[in-house]
Amino acid sequence: IDLSTTIGPNQFSNPLINAAGVWDETALELDELVASTAGGVTTKSATLEPRSGNQRPRYADVALGSINSMGLPNQGLKYYLNYVTTHDASKPIDLSIANPNPMDNLTALQMIQDSSFQGLTELNLSCPNVIGKPQIGYDLAALKQILQQAFKLFTKPLGIKLPPYFDLQQFDAVADILNQFPLTFINTINSVGNGLLVDPTSERTLIEPKGGFGGIGGAYVKPVALANVHAFRSRLKPTIKIIGTGGVRNGTDVFELILCGADAVSVGTTLMQAGPQLFTKLQDELIQLMVQKHYPSLATFRNQLKAAH
Ligand code: RRO
C-alpha cells in the first residue's frame, strides 16, 4: 500500500500532519512530531514577536470535540525559522505564520524568503481568537489584497489556512480569488470560530477569554471540513493542492477527507488528546480500509466521491 502524497515540491511518505497549533509550539514538541510517524510537521502559527496568548483556561475538551481561545501563543518567527533551518529534514515541514497586523505578514514572508528554508509556508488567514481582530479569510477584499502583496515578494511554495465557509456563493467568490494566484495549497478548515461551550453544573463557560467564545474543533466540525474540502476541490485549479483538516478521529475520517479531494490531512483536537503516537494508529486504520476496498494508493480514491442515489 502506497500512502505517499505530494504538495508542491514536497514529497510526504504518508498524508498525515499535525494541524498548526497542536503539539508544535516548542522545539521539544516539534522534535516529538519529527520522531513520530507523521508524514509532515507543521509549526505553531508564528508572529514576528513572541506572544504568551490569552488568559487561561483557554482550551477545553468535551466528548465531541474541543474549544480554544489560545490567542496565538508562540515563540516568535525567528525561533521557528531557526528550528526549521537547523533541524534535519527527515520529513517535510510546513512553517505557519499568522500576524494580527496584515503588514507584519509581509515582513514575515520576506524573512522566510531571505532564509534557507525550503519547505512549505502556510499563511494563516483564519485565526478566530485574537481579541479585536477579524478573520481575514472572511473579508474577501482583504484576502485578495494580502495575496497580491504576498506574491510580489514571495517565490517559495505558499499556502493559506482558511476559515470554514458556509454558503455556496462564498465558495465561488473565494475560489475565484484564489485561482488568480500561484498558490501551492490551501489548508481547510481552521476551527469553526466563536462557538460557545458551557458547563450546566457550574453555569460557566469552559474557557475564560472573550466571554467563553472560541474556535470549535473535533467531531463537531467534520461535516464542515468535508464540505469545504470538496467545495474547494471542485472549484480550484488542479495546481492548488488541499490539506484537509477537521474532525479526524480514525482512519475512516482520513479516508473520507481524501475521498472529498484532500491531498494531505491534518489532525488537531485528536492529536491534542492522544499525542503523536496517534499517527501510527491512523495509518494502520487507513491501510486496513484501503486493503478491504482494494485501493493501492491514495490517488485511486482521491476526489472520487459519488452522489447518493
Ligand atoms: O492561537 C489560536 O488561538 C488559534 C489560532 Br492562531 C488558529 O488559527 N486557530 C485556532 O483555533 N486557534
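**Worked exercises: backbone and sheet**

His294 lies in the segment after helix H9 (278-293). Helices (H or I, at least four residues) and strands (E, at least two) are DSSP runs, numbered from the N terminus. The model is predicted: local features need pLDDT of at least 70, side-chain atom pairs count only at pLDDT 80 or more, and totals for chains, interfaces and linings use all residues. Residues are numbered from 1 along each chain as its sequence is written, and side-chain values use heavy atoms, without hydrogens or water.

**Exercise 1.** Describe the phi angle and exposure of His294, then do the like for Lys210.

*Solution.* 
- Step 1. Take His294. Its phi is near 60 degrees, a positive value in a residue other than glycine.
- Step 2. Check its cover. His294 counts as exposed, because its relative accessibility is 70%. The classes are buried (under 20% relative accessible area), exposed (over 50%) and partly exposed in between, with a 1.4 Å probe and protein chains only.
- Step 3. Take Lys210. It is not a glycine, yet its phi is positive at about 55 degrees.

**Exercise 2.** Locate the cis bonds at Arg56 to Pro57 and at Thr188 and Ile189.

*Solution.* 
- Step 1. From Arg56 to Pro57 the peptide bond is cis, with omega near -5 degrees. Pro57 belongs to the loop between E4 and strand E5 (59-62).
- Step 2. Thr188 and Ile189 are also joined by a cis peptide bond, with omega about 15 degrees. Ile189 falls in the loop between E10 and strand E11 (192-196).

**Exercise 3.** Give the order of the strands in the open sheet of eight strands, and find its edges.

*Solution.* 
- Step 1. Read off the order: E3-E16-E15-E10-E9-E8-E7-E4, with parallel pairing.
- Step 2. Find the edges. Strand E3 (16-18) and strand E4 (41-42) each have a single partner strand, so one side of each has no neighbour in the sheet.
- Step 3. Recall the rule. Two strands pair if DSSP finds at least two bridges between them.

**Exercise 4.** Follow the pairing from E8 through E9 and E10 to E15.

*Solution.* 
- Step 1. Start at strand E8 (residues 120-124). Four bridges join it to E9, and the two run parallel. Asn124 stands opposite Lys161 in E9.
- Step 2. Move on to E10. E9 and E10 run parallel and are joined by four bridges. Lys161 has Asn187 as its bridge partner in E10.
- Step 3. Finish at E15. Strand E10 (residues 185-188) and strand E15 (residues 241-245) run parallel, with four bridges. Thr188 has Gly244 as its partner in E15. Thr188 also takes part in the cis bond to Ile189.

**Exercise 5.** Decide whether the residues of strand E9 (residues 158-162) are buried or exposed.

*Solution.* 
- Step 1. Count. Five of the five residues are buried, so E9 is largely enclosed by the rest of the structure.
- Step 2. Sort the directions. Leu158, Ile160 and Leu162 point one way, while Gly159 and Lys161 point the other way.
- Step 3. Look at Ile186. Leaving out residues up to four places away in sequence, it touches residues including Ile160, Leu162, Leu178 and Phe232. Contact means heavy atoms within 4.5 Å.

**Exercise 6.** Summarise the whole chain by its elements, burial and span.

*Solution.* 
- Step 1. The chain has nine helices and 16 strands.
- Step 2. Of its 309 residues, 55% count as buried.
- Step 3. The C-alpha trace spans about 55 × 50 × 40 Å along its principal axes.
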